[in-house]
Every structure is written in structure tokens, then in C-alpha cells.
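Morning, everyone. Please have the sequence and the model open while I talk.

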Amino acid sequence: MATPGQGSGTGSQPNRLETGGLVDRSRIVRFTFDGKTYTGHPGDTLASALIANGVSLTGRSFKYHRPRGILSAGSEEPNALVELREGARREPNTRATVAEVFDGLVARSQNRWPSLDFDVMAVNSLLSPIFVAGFYYKTFMWPSALWEKLYEPAIRRAAGLGRASDEADPDTYDKATAFADVLVIGGGTAGLAAALAAARTNARVILVDENATLGGRGVDDGADINGNPAHEWVRTVEAELSSAPNVRILRRTTAFGTYDGGTYGAVERVSDHLAVAAQGVPRQRLWRIVAKETVLASGATERPVVFGGNDRPGVMLAGAVRTYINRFGVLPGRRAVVFTNNDYGASTVAALKRAGAEVVALVDSRAQISDEVKRIASEAGARLLLGAVVTGTLGKKRVTGVTIHTRTGEEERLDCDLVAMSGGWNPNIQLTTHLGSKPTWNDKLLCFLPGTLPHGMSLAGAVAGDFTLGKTLVGGTSAGSAAVTAAGYAAVSVPVPKAADESDAVAPLWRVKSPNGKAFVDQQNDVTESDIELAEREGFRAVEHLKRYTTLGMATDQGRTANVNALAIMAEITGRTIPQTGITVARPPYTPVSLGTLAGHHREKHFKPTRLPPSYRWAKENGCVFVETGLWLRPSYFPRPGEKDWLETVKREVTTVRNAVGICDVSTLGKVDLQGADTAAFLDRIYMNGLKTLPIGKCRYGGMLREDGILMDDGTVARLGENHYFITTTTANAVKVVQHMEYCAQWLWPELDVQIVSATEQWAQYAVAGPKSRELLQKIVDPAFDITDAGFPYLGVGEITVCGGIKARLFRLSFSGERAYEIGVPARYGDALMRRLAEAGKEFGACAYGTEALGVMRIEKGHISGPELNGTTTPRDVGLGGMVSTKKDFIGHVLGKRPGLVDPERPALIGFRPLDRSQRLRSGAHFLKRDAQATAENDEGYMTSVAYSPSNGHWVGLGLLKRGPERIGEIVRAYDPVRGGDTLVEVVSPVFVDPEGVRVRG
Amino acid sequence: MANQTLLATSAFLHWKPVKALNFTVEPRETLTMASFAAAKGKKDALAAAIRAAYGADLPKGSGRVEGNGIAFVWAGPDQWLAIAERKDGRDLESELKAALSGIASVVDQSDGRVVVRISGSDARAILAKGIPVDLDARAFKPGNVAITHASHIGVILWQIDDKPTYEVALFRSYVDSFAHWLLDSAAEYGV
Amino acid sequence: MRIACPYCGERSLDEFLYSGDATVKRPDFASPTAANEFVSYTYERSNPPGMHRELWYHSAGCHAWLVVTRGIATHAITSVEVARDVALNEKPATKDSI
């Protein structure tokens, strides 16, 4: 017989049993809880180690700051939430019942001040009338202005459980995808039997279990399998599975969500049981598991009984008591009262007795029980109180006794330091409901069982209502065989392990009427049975309303020990059945998943991939400031020593382009190669303007619409050959345009002969712009190619060579309004070409320019860009109405003619300059008539783009103004309430530089 | 100086050599690549032309074959990526344009895409951290091709041998981000 | 959700883009009632319960447009076809050449 240690061999752990349990007694680990050092053994959870050390008070409750201890031995724990670790690794609200101890672990209790033992906020208990259900909604309602400043901060300070670290998380996280023929969720006896049956066929099997060690309740209950202790069978099966190349066992892994197509989400806590993760090893890994078949063997969670003071430390789930004795070799109390409505009371009595505890009484709410249970109680020397209930608990920070209401109506007090309670079992059905399936109520087992299962899922063990050990082994073996057969493997006959079937008889007991003190339903959210009565009185009878009104079933445990009791009580109050009352729908995740795990390595600057343009390295060497445009990191501007701010730099870059020559990396523009006999016809249907007439060796500006007539993108179309075109898109829409073209080619007009290939990355492409651009290019273009204005006029395109035979493409295009070219070379030469242009450009005073200068110059020229191509504008709105073909079919043709889109009242693109030239403009400002009130009715459009124009010496803007082009010369208000701007601006031509367009042709 | 030739820059400039016990990564630097797509109604003619010129049967679905020093990798419906060593001035764009004139459109991809060779017994576990395709030996074999993504970076992936060795083709501008993901993923395996 | 691309095999949802109703046909722009027909084609959807024929794009895969028949409540997929083949089969023979 095991007895609590009284010194020898267990160090200072007074409640560690002399023998028993699966912890490694040969090694000691030291940890601290609230600053005090304790010892435990590898294999302990923080909860079992605290129990071993006689610590029963672990935290204060959420609203009332009541003393709380350890209720359970698993992930359903509502009470024993602690802060683990320190500094940047400090993590709040961690369940002590699943956290493994390791040497150096630092744990702290939560929600108490100044100390756990003396908590001033416990005064909340005295204020409990105001903390009843709905208190958030009823209190602090008025005046509403105080909510943000006073109420919310005060509530958060008082009620917030743990404290998250405010430092950056130093750990790494990982993600991975795995594929299985059969996924088994749960490594208890049912799951192990299923995995074994599946694995022997050589199918690919993945077994996940949320605990560090396998075995589940079979081990927790200290039962026998094939005549030996269950953990020996578990060890044998685990050894076979571990050595099988077709099996992967993921321990410490919680399957948290079911998704369509046999996909499951799971979190593997790779390093949480270690002080610090090993070099290169993540703290946690997010698994996406895709399985042909899944056996769900997720077990069951025990229900507490709702009676007065059922939250006092020392009141524990009966199954947890057995777990602590059998799995961890610790004794949670010396004098126990077992309170139950089912036959598992007997095994609890037996386990306690075997561990050397005194069992004061077995209090069973049922009037009739089996002779077997009576025999066990009598052998243990426990009083048998049938038809009796526990009404309340005595003691403060630890239970010292209970009050009993006997069958004959008498009150009785019993001394004890442990109450082991069981209200029956709830199968862990959450993963069966994530896709919308409704569970069904079982009147015999008094629990919800899974309803229609997700495709490919089957059940084994307690989740299927098979609560007894023998049945879990039979059900597990057959579920494993059936699943592997469904996955396409010939099943192998596997002998079913033998185990007894204990009695699982149960009778309803949802709450004890007239409790002594508060009777908690949801211990994490401090929801009592009287809160449920109040919710009912106030009309919140539907379970979803009950949840939101009382906060029942929320937070880290998602009400796993609370929900069924709550709705059973609601059913009782409202005179409905439990199925009529219903159940709230479970959504993923089953247990909390940290955001770091969901992010994986996609954090900070690696949140998204970064694309680097060909001139990146050169730009970086030259002090470039970059800007993120989509995934690209583009040169924004190139500050030089002595320049005091970006504006001065940008002015210099613009002036250089306007007076000499500048070079800009435009490789990020989307580039698409189109070939095939019908390419011209195809492009004609995609672009709003006619392209059939485009001669070979020429390019043309083109715009494309969505089918609703709104502008989608613009760019250039170059014709390289009879059936060969090369188009550019904006940087932002490169992917979208290819997708659109493929849609048109594959779905709308599959009869056309056109082949579409993205060539964005093949070419490093630089704009060379300014009056001296041709002279600069002359330095690198091979002499065989004529780039004089006669030989290579505006809008020309040619396949040429540069620098002694490097193939290149030259386009004479201008976004700046100056004489300009775009030169493309294969990307591997991009870096070298940038260096060569910069070097050769020195004699012309050339500089590199970035997107800022590019933007200034396009605004000075009235060219549209992102702010005008904003998904609301038509070609006419932005001054391109004349380009739109009226003859051909193209996407957007018909709907673009709708009256609303051609209404002359629509805001249309025009230019603006401040009346007081010294004032700056702001994009986003709304236009009002000069004397109009600033109301939405008077709104006449808004400023889309602004820039300081070095060429004009003042700010200029583009905007969409009602009948804009007809209003040149008018003064309007540019009203910007967000930034407090209210500027008088003059409506002018949108072309601020070279309105005749002379320079571009040279 | 102006017309001195330009020197090519490696796309892998920021890469460090990766060698672990069971994992190696090796950029393939000197490739010539071209994509080609059958013209309308010319699928059979294209297959015949490739067979005649290179002795290879173009894979109709996802797959990779070799012929005359060229690997033909399926790159989408009726589209392939041809890959060869860029030696002795071999240029697949011009070579294939000549061989497939009138039956397929050919586009140079030598610079647009880069290829990385990943090999070793830890490769599967490492690639599983970003590539959502089943690479188990039962599901994916030498000669198989998958067009997918690696940690949100588009890739064409194929298997070379049973070590296993894979090659991954990706767009050039993503190389550094791809390396970051790959090295992060491999850290657990001693890289 | 997983979609079995006819070219690539079964792939996860994150490789695909959803792109709406595959039963509507783009009207003839020269039709006298084109304005109404295009409005209906672009905007009007009845959203019935049960199975839908939808366009999906294998954006992170082979770039094929697909016609997927899917139950919008159950996400059960009963067929995945190549959109190009569907479109060619449905096109009147006269439109096969331009």
C-alpha cells in the first residue's frame, strides 16, 4: 500500500506517495511558485508538483477574488491559471494542470494584490451584488464619457487575470503541413488501439496527444489491461508505434480545429517543457494535418457538481484525484469526502484508500446504488450517505469540512481536507462540431454525443460514449481498422486487448438546491447558479444569450467544466428538456493558441516576402531610402550629404531630370509577353482603346476596364512582332492583370490563339529620363542601332544590344514629360547596367531618382497613378474618355456607358494650385464651393494627389472635382477637417509642365 | 569603357553556403531557361517536334523529363519550362524558337527564374514547413512536379532522386526571402 | 477546404481564388438589349441554397481556371472541371473562329 511520504526519499514533498505514479523519481527538479522554491520530478505538471508540496491555493478568481486551487488534471482547468517564466518569456493564464515542471521554472499566481494569501480585492466578494450576471451591461453605464477614461481602465486593472510580457517574444515558432492516411486524435487507450490497428497495415498514421505521456484515463485510473497495469500495455504499444516508419507520434500536441476536406489544425508544444528551447528549435509548431480518415479519440471531461462553496481549494474533480494518485504519485488530501451521482465514486474511494487516505464518506445523490459500490465503500471504511448531497464547504483558503443534507432532511457536518466530486462525464465533442454539426443528447449517459460527423471522421472511446476501459479498447481497435480500410488499405486482424468494464451508471444531479454559499457553475468566469436564475428572469433563456449575458463558457477553458451544467440548470428552471434548451456551438480553437504560433516565422519584416529590384544593391550602397510598394522594396529617394530633408532631395532629383538626365528602376512594373495568332484581337477585347492598328516596333498607352466600366489598370502595349506583344502593368496590379488575362483567355474566349507568360522578373528595366537621356544612352547602346530621333522616335520600341552584344529592349516612353526611354536587359545584368549608367551619366550631371521624384513629375504632368486608379473612376473621370473605343467589344464597354458613369456631374480630373502660393496642399481634402458650408451635401469631390513642384516653385495638386474641366479659373475650398486644413485653391489645367508636350518628342 | 560588356550578377549574392549533416542547398547558377506554350491546335505537333529534336516525350500533366541535356518541366496546362546548363553559349530561347517555329511561343526565362537544389534525408521535413504538398516517398517521386508555394513564395518544385533531391524554381526577386524561410526552417536540423 | 485541381491534384484552399458564378455567360455587346443583359451578367445573382457551379483560379498553382461544383452549406465538392474545356463545349460552333 502506498502511503504519503513522511520524509524519506521524497525530499520536502509531503504529499508525494512512497511509490506509484509515472514520474521519474530518480531526478529532482526545482521550481518556484510566488517566489518560494519547491521540488518536483520530471513528469510532474506544475499542478501535481504543487499538490506534492502541499500547495493548494493557486490563484484568485476573476470577479470576486475568491481563493482558488486546482480543480482538474487537464486542459479543461478553469482555476489554476498562472504566469509562467519571467521577462520576455512571461506568459499569463497558463494552466498549471498541463504545464510541465522543469528545473528553474518560475511560476506566479495571478489576479491578487499584494499577495495571494492576502488579497485586498477580495473585498469584491462583499460587493458581489453588483457583480452578478450582466454587470458589465448594468454598471458603469452612465455617463458614457467616463467609460473610456475611468471605468474600463479600472475594470481592467482589477479584473485582468495575468500580465502578458511587454517585451518582444524571443522564441521562434514554426509551421508545417503533414499528410496521413489515418489521423488519430487522442493517445488514450482508445486512440492507441486505433493507431495500432491502422499502423499494422503500413498505412501512414499520425497520432496526436495533448499530454507529454500517452495512456489517458486508462493510466489515470490505474486500471489493468491484459492482466497487467494499463501503463505497461501503453508502453508496449508506444514502442511498436514509435519504431514503425509509417507512424508519427506528436506528443504535447493539441488538435484544436476541424476544417473542411479532412484538414485539422494542431499545436505542438515543442519546447514548452524546457527552460529555453534548444538552438534552432521552435517553441511551438503549428501543424496543418491533412488526413484521408480521422479517428477522434478525444476522451471526456468530468463535470463538477454545483453546490455551495464548490470552488474552495481542496474541492477537486474525482477523476483528477485518481489521476494525481495513479499518474503522478501524489495525494491531494488526507481526509476525503467523495460526492457523486455515479458509480465512478467507487473507484475514487478505492484509489484514495489504496493511497493511504482516510475516506470519510461517500455521499451519493442516488437513493439506490449497486452492491459492488456498497462493498467498496465498506471495505474502505467510508460512511455511505445515499440520497444525500453536499450543500456547502467549510474553511477559507482550504476546505476543512462540508455540510451535508441527508436523505432524511438533516444537516450534518463532516471534517475533511478534500472533496472529490463527480457529476458525470461530458465527451470532448468539440472537434465534431466545428463544421456545424449539432450534438445529440443521450438520456442514459446524461451527456451530449457527437451528431453527424465531418466527412472522414469516426469516433473511438469516451467521445463516443464508451466510458469503460474494455469498451475503449474494443471501439478503438475497430475504429482504427475501419478507418484504415476506408483509406484504401487491407485491414490486418489485431487482437483486442482485454480489460474489465467498470460500471458507468449515473443519475441526474445538476445542482444542489439551497446551497450554503455561492455555488459556481463556471469557476473561471465566476458565474454562479443564481446568475443563471437571474439571466432567466431577465429573459436571457436561449443558451447563446445566456453565454453572452453571464460570460459563462468564455475565456481560456471555453466552459468545458461549465456548459452542460449551465444549460441543464437553465432547462430545469424553464421546465424544458436539455435537448430543447440546446447547446452553444463550439468553434476552433479547442484550447488557446498563441498568436506567435499562428504567425510562425512571418513576423516583423518577414511578415510577408520581400521582393528586391535589380538595382537594390547599388541603391543601398548609394544611401537610398526604400519604400514598400506591395511586396517590393523600391528606391524612394537618394539623399546626398548636406541635404536637410527628403523634400530637398526630391527637388534635386526632379530638377536633374528636367534639366539633365535621371535614372529610375522601373523593373517592378508588371511585364507580360503575349504571343499567338489572335493576340491582337485578344488585346483589343481587353483594352478600352484600339490596338489592332499598332504598328510593329511601336508602343501605345493602354487602359483596361473592369466589366462594370471602372478603370482597372493602365500601362503600355508594345508590338514586337506580327503576333508578339509585350505589355506593362502597374506594379500593384501585375498579378491581377495576368489573372484577368488568363480568365479572358481560358474562360471568356478559349477559341483565341494566345499564349500569356509573365516576364516581369526576366527584365531589369530602367527609365532614363531628361533632355540628355539620349546622349547618355548613346554611351551604352551598340553602334549598330540608330537611336536618333529620326531612327527611334517617340513611342518607338526596338530589340537592340548594349555594351557589346548584351541583348536589350529599348522603349521610348515618358512618364515624366521629358524626353525619356526605358531600357531593359536580362535581370542578371541589371546591377551592372545601373552601375554603368550612373558612371556614364556623370558627365551629363545624371542622378538616380526614386518613386518620390517619379510621383512628383507625373503629378506635374497630370498623369494618373494609384490615387486616381482607385476603383471608383471611369476613363472619362480621369480625362481619358477620348481614348475609349466606341466600335469594338471590350471588357467594360457596355456597362461603362451607363448613365451614372457618363453623368457630366461626376467629379472629373483637374489641376489645382493654392491661391496663396506659399500654402501646401493635402491629398484627401474635399472640395467645396468658395462660400459653401462644409457639409456632405456640398461636397464636390476631393484631392487625389499633391506634390511640391520644383518646376513651379509651389505645391500642385490633382483632384476629382464636379465638372472639373469646365471650371478652370474658379477658386474653390480644399477642406481637410482631419488635419485641420482649409485652403483656397485655384482650378487649373492638370498639366503643370510643358503643356504643349514638346519636350517628350525632343 | 562605355561599351565594355556587362558582368552578370548572381541572384544568390547574399547566400551563405548551407551544409548540414543531412541537408544541403545549392543554387544552380549557370542555367539557360525558356518557357514554351503550344499554339492553338499545335499540341501534337509540339510533342512531335520535341520528340524529334530531343528524344523526349513532353509530360502531358505535371512531370519532368530529360532529353539531350534539357530538362522539360511541366509549368501549367500546355506550358513547359525547358532548362539546360548555359555552357558553350547555349541559349534555349533561340534554340527552341528555331526548333518550334510556328508551333509554340517561346519566352526567355533564364533571368526571371532561379533554381535551387535541395537535398538530403532532412529535406522533406524542412520543406514541409512551407510547402503544402505531400512530398512523402509514396506520394511524390523522381520525375514528379508540383507548382505551388513555399511560405507564400510561388515555386515550381520537382524531385530528382530518392536521397531525396529536389529542385525549386522561383522568381528572382524572392531569392532572399526564400533563403530566410529555408534557413529558418532548417535551423532545427543543425543548419 | 481542398480542391482537386485536374492538373495538380488535391490542393488546399489557400492556393485558390474564388471568382463567382460559373453559370452566367457574357452577353453579346451588339445585342439591342445589351445594357440590361450586362447588368444581369455582372450583378444579378439568386444565391440559391445547395450546389453551386463556381469559378476558381489556381492562382498559387498552375494558373488554370476551374469550374467547381460545391455545396455552399456543406462545402462538399462534387466535380472540378477545367474551365477552358467547359467553355469550349458550351460555345456555339460558329464562334470557334474569328
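Take the contacts in chain C that have a separation of 6 or more. Residues 24 or more positions apart account for 48% of them. Keep in mind that this is a predicted model.

What does the secondary structure of chain C come to? Two helices and six strands. The order along the sequence is β-β-β-α-β-β-β-α. Chain C has 98 residues, and 28% of them count as buried. Along the principal axes, the C-alpha atoms of chain C fill a box of roughly 45 × 35 × 20 Å.

Now chain A. The domain assignment gives two entries here. Domain 1 covers 173-300 + 427-486, and domain 2 covers 904-1001. How many Å separate their centres? The answer is 66 Å, taken over C-alpha atoms.

Next, a helix pair in chain A. Two packed helices are described by the angle between their axes and the distance between the axes. Our pair is helix 4, residues 189-199, and helix 11, residues 469-486. Their axes come within 7 Å and cross at roughly 35°. Is the crossing left-handed or right-handed? Helix 4 of chain A passes helix 11 of chain A in a right-handed crossing.

Who meets whom? From helix 4 of chain A, the residues include A:Gly191, A:Leu192 and A:Leu196. From helix 11 of chain A, they include A:Leu473, A:Gly476, A:Gly480 and A:Val484. By class, this contact has 13 nonpolar and eight polar residues.

Technical notes:
Residues numbered from 1 in each chain as written. Chains lettered and ligands numbered in written order. Predicted model: local features only at pLDDT ≥ 70, side-chain atom pairs only at ≥ 80, totals over all residues. Helix = DSSP H or I, 4+ residues; strand = E, 2+ residues; numbered from the N terminus. Buried ≥ 20, exposed ≤ 12 C-beta atoms within 10 Å, placed from the backbone. Contact = placed C-beta atoms within 7 Å. Axes fitted to C-alpha atoms, helices over the stretch in contact; angles between N-to-C directions. Left-handed = near helix turned anticlockwise from the far one by under 90°. Nonpolar A, V, L, I, M, F, W, Y, C, P; charged D, E, K, R; others polar. Domains from an automatic or database assignment.
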